[in-house]
Amino acid sequence: IIYLMNGVIGYLSPEGVLINKQDITEKILRWIVKRVNEYLLIPPLPAVLFHEKGYIRIVEKEENMTLDTDELFNYFMYYDPYFMTKYIVFRDLVSRGYILVDKSNKEILLLEGWRLDKPKEKLRFILLEEGGSISIKKLYETINKEDGKWRYIIACIERRGSVTYYDVASW
């Protein structure tokens, strides 16, 4: 169960947080990605960010105990081993004014979105962990399969959690 800023209750699921559509606030609306029956889904990345900022409180359903941030990370990392890596970049970029959606797959970690002050500039962030690897072929295919409407940025995450961004000007 999740209590949002105005007392709205939501439900934790492997896909994120489900809340009643009539209980949506302006702050939450931009993060909704799909409808699930009578509920709307907030994906895991923004749901954890709302929790960390104190906008929502997540309560374990059976025991009615509030989950701490570590328990929430463990929950989502069970379903996505790269959740923490994605969350580090997501939190940093949201603090800089970006709206992002997780578009990762088995081959590449990818966040896409735009800046609030530049909504027409479409951005894709390719995430690379320090010590990790990615196929150059997959990287090349990801960047070159588009018609040029996306600007690509590589986000390198070091072990201590800092992120360095590299603009992919041409490939």
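Buried residues, meaning those under 20% relative accessible area with a 1.4 Å probe and protein chains only (over 50% is exposed, and in between is partly exposed), make up 42% of the 171 residues in the protein chain. This is a predicted model, in which local features need pLDDT of at least 70 and side-chain atom pairs count only at pLDDT 80 or more, while totals for chains, interfaces and linings use all residues. Residues are numbered from 1 along each chain as its sequence is written, and side-chain values use heavy atoms, with hydrogens and water left out.

**Overall make-up**
- The protein chain has five helices and twelve strands, which are DSSP runs numbered from the N terminus (helices H or I, at least four residues; strands E, at least two).
- Among contacts in the protein chain with a separation of 6 or more, 46% are accounted for by residues 24 or more positions apart, where contact means heavy atoms within 4.5 Å.

**Nonpolar cores**
- A nonpolar core is a set of buried Ala, Val, Leu, Ile, Met, Phe, Trp, Tyr and Cys residues joined through side-chain atoms within 4.5 Å, and the largest one has 32 residues, of which V89, L111 and F125 touch the most other members.
- Helix 4 (residues 83–95) gives the most to this core, with seven residues.
- Leaving aside neighbours within four places in sequence, L111 is in contact with residues that include L45, V89, F90, L123 and F125.
- Another core, of nine residues, lies apart from the largest one, and its members include L110, I143, W150 and I154.

**Helix 2 and helix 3**
- The axes of helix 2 (residues 44–52) and helix 3 (residues 69–79) come within 11 Å and cross at roughly 175°; axes are lines fitted to C-alpha atoms, for helices over the stretch in contact, and angles run from 0 to 180 degrees between N-to-C directions.
- The two helices are therefore roughly antiparallel to each other, a term for angles over 145 degrees.
- On the side of helix 2 the contact is made by P44, V48, H51 and E52, and on that of helix 3 by T69, L72, F73 and F76.

**Strands 11 and 12**
- Strand 11 (residues 150–157) and strand 12 (residues 163–168) run antiparallel and are joined by six bridges, whereas DSSP need find at least two for strands to pair.
- These two strands form a hairpin with five residues between them, and G161 in the turn has a positive phi of about 105°.
- I153 has D167 of strand 12 as its bridge partner.
- V168, also found in strand 12, counts as buried at 14% relative accessibility.
- Not counting residues up to four places away in sequence, V168 touches I143, Y152 and I154; V168 and I143 are 25 residues apart in sequence and 8.8 Å apart in space, C-alpha to C-alpha.

Terms used: Parallel < 35°, antiparallel > 145°, perpendicular 65-115°, else oblique.
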